[in-house]
Amino acid sequence: MFLINCPYCGERDQSEFSAGGEAHIIRPKQPTELSDDQWAEYLFMRKNIKGIQFERWNHAHGCRKWFNMVRDTSNDKIHAVYKMGEKPPIK
Amino acid sequence: MSKDLRITNSKFIDQTSRISFKFDGKNLYGFKGDTLASALLANNIHLVGRSFKYHRPRGIMACGSEEPNAIVQVGNDTSMTEPNTRATEIELYEGLEASSQNCWPSVNFDLGAVNNFFSPLIPAAFYYKTFMWPANFWKLYEYFIRKSAGLGKSPTEPDKDIYDHRYLHCDVLIVGGGISGIMAAKTAAKNNLNTVLIDDKNILGGTTLFQENECFKINNSYSNEWLKKEIESLNSLKNLTIKTRTSLAAYHSYNYLLARENLTDHLDLDEKKNKIRQRLWKIRAKKVIIATGAMERPLIFNNNDRPGVILSSSIKKYIDFYGVKCGQKISLFTNNDSAYETAISLNKCGVSVNSVVDIRDKTNSLIVKHAEKLGIKVHWKSTVVNTNGYKKINSIEIMKLSDDGTNVIEKKINEECDCLGISGGWTPRVHLFTQSGGKLKFRDEDNVFVPDKSDLDQISIGSCNGDFGLDDVIKNTVNLINKFLKINNNDYENLEIISSKEIDKKNIWLLPSDKPLGKTKPFLDFQNDSTANDIKLALREGFKSIEHVKRYTTTGMATDQGKLSNMHALGIIAETAGVKMGELGTTTFRPPYTPLTFGAIVGRNVGEFFDITRKTPMHDWHVENKAEFENVGQWKRAWYYPKDNENMHEAVQRESKAARDSAGILDASTLGKIDIQGSDASEFLNRVYTNAWSKLEIGKCRYGLMLNEDGMVYDDGVTTRLSENHYLMTTTTGGAANVLSKLEDYLQTEWPELDVYLTSVTDHYGTVSICGPNSKKILSKVIPDLDLSDKEFPHMTFKSVLIDNIKCRVMRISFTGEHSYEINIQSSYAKSVWEKCFKAGKEFNITPYGTETMHLLRAEKGFIIAGQDTDGTMTPIDLQMDWIISKKKYDFIGKRSLYRSDTIREDRKQLVGLLTDDPNEILEEGAQIVAETDKQPVEMLGHVTSSYFSPNLNKSIALAVVKNGKKLMGQKLFVPMKNKTINVTITDTVFLDKENKRLNA
Ligand SMILES: [Zn+2]
């Protein structure tokens, strides 16, 4: 059970949060101009890395804010949390 | 109680308070401080169960949670009995009743024991191999296997005990109150850290508590005396919380731990009542110190499982702590020094020790010399090759070991005994460390896995970290704690320690025998009854991975998770396969460390607290009017209102007819309601719905369809424009929470530039829906001032009005196809408005209807229910709802997916209507639809999604999804059922009032 540092509320138990998959996948601004393959790339393709992964989380049972997290999926270590729209503090 | 088995000088047993208990129906006595196991041993009862596979007699073997044999059923009341408890962990209380498990008809005469004579026929994986085929025989096999195996009986009634959950936050959590744990606790608390110390026993001190031996001294006192003073000094520490009878069950990431505290299990039967039985602590610790100690290993040799064969350190605890002799003539068998501690303790208490059989060459450590000085005989470089006795050991056979340890030589010696203590060395309890994700390393010199790397803020100290000598434990504990807690001076830095040091080490995983391996029974896993032979067989059959061997032989798969057997299983595999043990890896230990009761897991979340129940403001009215309810998510919704002796079908037919003939009233309060405000609210709706919203006038309502980005229908509902920048969105009852979070997701992550705010207002308003040709007349009685003319208040519009001076919103919208109104009013007034409408409708026979009738009425009109007629694979085009997709909008959620190669396929499943040839035949929802009846296998074209008998059309109607359905209009298809085939015809989805005349009737 993680202890997650919500950028708006501080440290809270994982049970207050829900995970929202890979981060930094931007919805195309002009979907109609994309080929089926390009659209499928946005829609379906996710990396699912073993190691450092950038993820979206939502403080669902708290402030309801979405934010990003850098997590090592091999040991569940959270390296950073940062607000939506901010650049990841770690490469 | 056999007087001669109980010595009188134990400090830990109160011999003035006698406790009576029952075991297998027999009245017995013990003392306060006993466990069930120690009391049984004091009564000379060793035989407590039968083994799982061979039904061999088994006795108490250990004194703690690692006990594999003494698994008992507690309580004689079949409704409340508890199976699979360890006699070694049950504190004796007045009124305790326990019985053996896994034996039938009784532990002394067990029919299953014939398995033992057939045991050459029951090798590893016997059950897998024999009972595999034919599959339908399994029912038969299972009956007999279960009857003869039996892992206790489940209680037949719900648990009446009370359980509890609580949170605990601390700076330092110390697990284990032995010598190292106590040192850690004192040091941490003295350094101003909020410290919690937990231990599963009822008293702190671990094994040092009864270590009164000249070979182990601290500052000139016996180690136990020194420790006693340390424990007493803990009381004065303000920062320290001590929890005894609390066992750690699970260690998760981020130092989140679960511990179970036993609050009443040790109390007398009549004192337990109305108290919380167990409490589950949910602990979040900044730092964790694991001080869980070590477990003694057994030795693996022929017939090492007879009652009376006990771990040497347990014999020591029974005599030193409980004052119980495990036998009158005890032999010991060891590969290390610790059996000599037992020998000395026994000797001190006047129990004769026949001899110590030691596989090592003569060794001269302090403790061995001390034992020999006391006259204890030692068979050096020898092994026990066999034990005799059926229900209790009566002798052992000893032989000399060859130089390389692989053979036995010279003459066999027979030694009579009534108890054999065995010691195969020590295994650090690293279970919690590995549960938390820690990695182990193998230490070759004494064959142990010790903690290596962990990502968490934790350390292991004491023997669970591989320190077995008293001096090592103290010195390393001090160093580790200083570093871990970043402190400089420690009370324990300059202690004067006397500690016997083990000089010689030798280990043989499977001891040699004078008989060939196939003729011996060297047990590894006592609870699951697997032997070293089973492991070797598995390896011969080609299994290589420890995880596979484990499952194939079931070694380590019992309720003790192989606490005693895992190391030997690994050792024998490594030896046989010729690989190094460290390279083989270990099996994974999973929580809980010891079994947890379901009660502790669920805590207070039982009965009405199991889940949240949401009730509408009108709920009480529905109850008074005899509604049947259905669960929709967490909501209780009125399902139908049976009159007199109506069944559901009759009630729904009556309600449906009344709603179309005159007037019906429905509680629609559960529909999700989201308040949307902001200057970009219209643009936002444009992006989330398929249709256009910018031009919707203030005061008007519009139906909207929401897709997922993959183009599939997600939710639907009517949204009303309350003012320029203010909308009220409704969602399906079940989808409300998900829709809100999806919308929030887009607002916060994709379109942060939009000025839009969302608030869930589902619970704020109650919704009364009145429909039918007389609805207008009824509403005009309720709100006389409101102009209800079609010109002033047309379909799909809303009015803000007052009812009894209370503001409410009236929408003229319809889910039934009838002229209909929805009144939204603040929840606290909703019931009175409902009653007002009901009263006003009396003269029109206004009929309350539930969700079933609502579903029927909308199906007559071909309106979909998202989640019933859709399943996440239907596009609006599949639903024949092309009209709702705006052609002008550049983009909305899911738009691009509507013309992917897959979504434009013409042979997708599409929503159609179905009529049965026999109008009285009602299809089953979920029934499959086919085009041919004489072919097998036949292609499934689709399935029925909604089906009803329509009283208004006087025939059966259904909605279905059918492959290429749009093109099959008028086509005859078949619905094959178990006993018959139903002929159906594909039709339009709208069955009633295609021209929508009734909306304005
Ligand atoms: Zn938050």
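Guide: At 0% relative accessibility, B:Y821 counts as buried in this predicted model, and B:F793, likewise with a relative accessible area of 0%, is buried too. Over all chains, the count of aromatic pairs comes to 23. In the pair made by B:F793 and B:Y821, the ring centres are 5.7 Å apart and the planes stand at 50°, so the pair is tilted. B:F793 belongs to the loop between α21 (775-782) and β41 (797-803) of chain B, while B:Y821 belongs to strand β43 (residues 820-826) of chain B, so the pair ties together parts that are 28 residues apart in sequence.

Another pair, B:F321 with B:Y322, is edge-to-face, with 4.8 Å from centre to centre and 75° between the planes, and both of these residues are buried. B:F321 and B:Y322 also belong to one aromatic cluster, together with B:F12, B:F210 and B:Y318.

Charged side chains meet aromatic rings as well: the charged end of B:K217 sits over the ring of B:Y222, 5.5 Å from the ring centre, and the charged end of B:K521 sits over the ring of B:Y54, 5.5 Å from the centre of that ring.

Turning finally to the cysteines, the count of disulfides over all chains is zero. For B:C326, which is in no disulfide, the nearest cysteine sulfur is that of B:C419, 5.2 Å away, and B:C326 counts as buried at 2% relative accessibility. The sulfur of B:C417 lies 7.4 Å from its closest cysteine sulfur, in B:C419, which is too far for a bond, and B:C417 is buried, with a relative accessible area of 2%.

Terms used. Residues are numbered from 1 along each chain as its sequence is written. Chains are lettered from A and ligands numbered from 1 in the order in which they are written. This is a predicted model: local features need pLDDT of at least 70, side-chain atom pairs count only at pLDDT 80 or more; totals for chains, interfaces and linings use all residues. Side-chain values use heavy atoms; hydrogens and water are left out. A disulfide is a pair of cysteine sulfur atoms within 2.5 Å. Buried means under 20% relative accessible area, exposed over 50%, partly exposed in between (1.4 Å probe, protein chains only). Rings of Phe, Tyr and Trp (its six-membered ring) pair if their centres lie within 6.5 Å; planes under 30 degrees apart count as stacked, over 60 as edge-to-face and the rest as tilted. Helices (H or I, at least four residues) and strands (E, at least two) are DSSP runs, numbered from the N terminus. A charge sits over a ring if NZ of Lys or CZ of Arg is within 6 Å of the ring centre and within 35 degrees of the ring normal.
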